[in-house]
Amino acid sequence: MRPLFSLFLTFGAATSLAAQTNAERMSNDRYTRSHDYDLVHQRIELSNFNWDSTSFDGKVATTLVARRAGLDSVVLDAGAKLVLKSATLRTARHGDTLVVYLARPAAFGDTVRFALSYHGVVESGRGLTYIDTEGRPHRPRQIWSQGEDNNNHFWFPTYDFPNDKMTWDVVATVPRGMTAVSNGRLISDVVAKDGSSTFTWRQDKPSATYLVSLIVAPLVKIHDTWRAVPVDYYVYREDSALARPLYKITPDMIDTYSRLTGIDYPWAKYAQTTVADFFGGMENVSATTLVDWLPGLRNYQDRPWYPWILIPHELSHQWFGDYVTTENWANMWLNEGFAEFMPGQYWGQKLGSHAEQDYLLDEYDQFMQIDQDRRMPVAALGSNNIYPKGALVLEMLKHSLGDQRFWASVHRYLVDHAFDNATTDDLRQAVLDATGENLDWFWDQWLYQAGYPEFAVTAKYDSSAATLTLVVRQSQQDSSKADSTGLRYTTPAAFRMPVTVRVGTAAGDVTARAQLSRRQDTIVVRDVKHAPTMVIFDDGNAILKQLTFDQPTAWLATQLERDPDLWNRHWVIAQLGQRPADTAAAVAVAKAATGADYFLTRVGAAKALAAFPASGALPALQVALKDTSAQVRAAAVEALGDLGGAQAAALARQAWTGDSSDAVRAAAVVAVAQTDSVGRGRVIVQALRTPSYRDAVQNSAYRAIARAGDTTMIDSVDAHVGEHRFAPHVLAALASRGSARALGLLVKHLSDERAYVRRWAVESFAFTLRRDLAQPTLQAARAGLKFADTRQAVDELLQEWQKEGKKSP
Ligand SMILES: [Zn+2]
């Protein structure tokens with residue numbers, strides 16, 4: 001699964017899962033569910049889909065094997081809204097479970113078969129999502145399923161937990177003009193006289209039940225292959241031209257992952273299918289579901305998230321998650337950490353080590369933000385950092401083992417748990433089996449405990465002894481609070497890791513390798529016969545860390561020019577950025593902004609130039625504005641906005657009118673808004689009318705309006721309320737700042753004829769408006785609301801706030 005961590009998702013519910021102590025960290029096993037049968041096969045037949053009642057008819061034939069003597073009943077997960085019509089055995093209902101009584105007790109190892117037919121109603125969004133066009137463009141009527149974590153039992157009775165794998169058939173009869181896409185091989189596609197089609201799909205290799213998938217939509221198939229394996233892209237007809245340029249990279253990714261893991265792509269086919277209103281992507285086995293945001297050719301210069309992260313992330317789950325599956329959700333990082341790690345490996349293979357570091361730098365930034373909110377271990381139920389820290393820990397493991405031993409370990413892990421489940425310790429065992437190294441200490445500090453080392457380093461050169469002495473202190477605090485049951489997560493007082501120090505001198509580099517293991521360690525680098533020109537602590541950035549290391553500007557400038565590692569360079573740029581009065585620092589950053597050999601370093605340096613005097617920064621930014629990389633140009637424009645002044649404003653206006661990239665133009669809108677109080681309005685109005693991928697340019701205009709609290713723009717914003725989800729949010733932001741008119745318009749949109757506009761309006765009350773402001777307004781407006789769905793949504797919101805209000809003191 002890969003959600004886009006967007007504005008909307010950051011408002012998402014905090015996980016309220018049980019806490020885990022470090023003392024009990026080896027017992028993640030306790031989160032695995034017990035059951036007394038082994039699911040073997042299910043044939044799932046669905047028909048008569050009805051969008052108005054969000055219902056369908058279902059028939060499920062189940063084959064399982066008894067795993068205890070005298071098994072007299074089978075307990076399945078089955079949503080309470082699945083109403084049984086008939087069954088071959090006696091059944092009983094208890095909420096979301098269904099008990100099937102066997103005709104006679106089964107012996108251990110006996111095969112048991114039964115069939116159930118039912119009428120299913122779903123609460124759209126739970127298991128199945130029914131989508132109607134609502135008169136919106138690019139949004140055909142469709143249905144998609146979403147199983148993970150445990151929602152598949154809302155549309156078919158099954159064992160809804162990852163620790164039982166089965167094979168299955170999905171047979172779906174769908175209306176004329178629609179296609180059904182599911183897992184495995186397409187067995188048949190039969191058209192009836194009434195124009196409906198019945199698609200039969202067979203997943204003939206076992207996988208977990210949360211990966212059973214069904215998509216019903218009017219789709220065209222674009223066919224590709226990897227070796228003899230079909231690789232298909234299912235998209236809306238209007239997206240046909242966008243699909244191949246976007247997805248054509250897939251066979252090469254399959255090839256690369258097969259080579260790196262030593263396991264050929266294990267499934268009968270690979271389908272990627274786009275659907276509306278999806279949160280990102282879901283790795284349903286051999287049939288990935290993806291959001292329908294296909295970028296066009298012009299957008300590739302902005303390196304969209306979709307091909308850079310989403311496609312390779314979901315694909316890698318076909319090995320990590322689908323082939324080997326976490327045994328329970330407390331080890332979910334085994335799915336998500338690997339899936340977040342693998343795209344970086346792919347880009348590293350294709351574009352070189354800078355691309356791999358570039359990818360991981362983003363993971364690093366994400367992790368630091370998450371860790372600041374709440375510190376949790378990776379291997380914990382409900383862990384908030386399984387994606388970025390999972391990827392970063394695997395990179396450290398690769399660094400510490402070396403490529404060959406790392407991939408041999410991964411291969412061993414995949415072979416030992418093929419078509420089966422695994423826990424965090426199984427991966428440690430695989431490393432041990434493949435390399436002979438017991439990395440229990442690595443697992444303990446990086447997976448079962450939380451945090452990372454915060455190094456404070458000082459260096460002292462002794463010319464007579466020809467030594468450089470580094471004192472390395474670990475200053476991280478183990479300060480997480482215990483929860484109400486007295487359990488808490490710990491942060492190691494001292495992380496244990498080998499580290500390399502590189503000292504540059506006029507006569508060449510001297511390196512030293514040392515083992516860090518204490519709260520304070522001393523590293524003596526010998527044979528430093530000439531004064532250091534730079535000192536790199538953790539050469540190659542092998543350790544996930546924060547670093548404080550005060551150094552002369554000359555050392556930092558040398559490192560910025562010479563160090564190939566991107567994290568190290570960004571750290572240096574941050575140090576230099578804190579020296580705005582230092583001309584040598586400005587020169588070094590300007591040089592990197594215009595001349596560094598990888599665009600991300602130029603991006604970081606261009607942004608940092610905003611901190612320096614315009615005399616040093618502007619000439620470099622002017623060069624950066626002509627960079628071949630759109631990201632560098634966008635960073636330069638952003639810096640111009642912060643720098644201010646007439647010349648910066650003129651350059652920002654030029655970027656607005658002349659640049660080919662949406663991202664650069666989006667940055668230019670903000671920069672013009674910051675620097676040009678006269679020309680600002682005109683540019684914002686133009687921007688609101690400028691179509692762009694994912695509304696990047698328009699959203700930028702909305703941000704500029706919201707940030708400035710510009711009430712003269714209310715009518716311009718209101719004109720776009722039916723098109724852009726951000727527009728009502730901006731009205732809400734302006735209302736928050738006291739605009740009665742914005743608040744009035746927002747209330748009016750609660751009765752808009754279009755259901756989605758009403759939803760967006762409710763959403764903007766919930767997310768953007770202060771509760772004390774919104775609550776009385778909504779209470780007053782409630783009686784006059786035209787549509788029942790909105791009254792209900794408003795009621796729910798008010799109730800939620802009341803509940804929250806009672807909880808907080
Ligand atoms: Zn994922």
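Let us start with an open sheet of 4 strands in the order β9-β10-β15-β12, with antiparallel pairing (strands pair if DSSP finds at least two bridges between them). Its edge strands, β9 (128-131) and β12 (179-182), each pair on one side only. β12 and β15 (residues 214-217) are joined in the antiparallel sense over 4 bridges, and V181 has I215 in β15 as its bridge partner. Strands (E, at least two residues) and helices (H or I, at least four) are DSSP runs, numbered from the N terminus.

This is a predicted model: local features need pLDDT of at least 70, side-chain atom pairs count only at pLDDT 80 or more, and totals for chains, interfaces and linings use all residues. Residues are numbered from 1 along each chain as its sequence is written, and side-chain values use heavy atoms, leaving out hydrogens and water.

M1, in the segment before β1 (2-3), and H313, in helix α4 (residues 305-317), are 312 residues apart. Both M1 and H313 are buried (under 20% relative accessible area with a 1.4 Å probe, protein chains only; exposed is over 50%).

Finally, helix α23 (residues 740-749) has A742, L743, L745, L746 and H749 as its buried residues. They lie on the same side of α23 because they cover an arc of only 160 degrees around the axis, taken from the directions to the C-beta atoms. A740 and K748, on the other side, are exposed.
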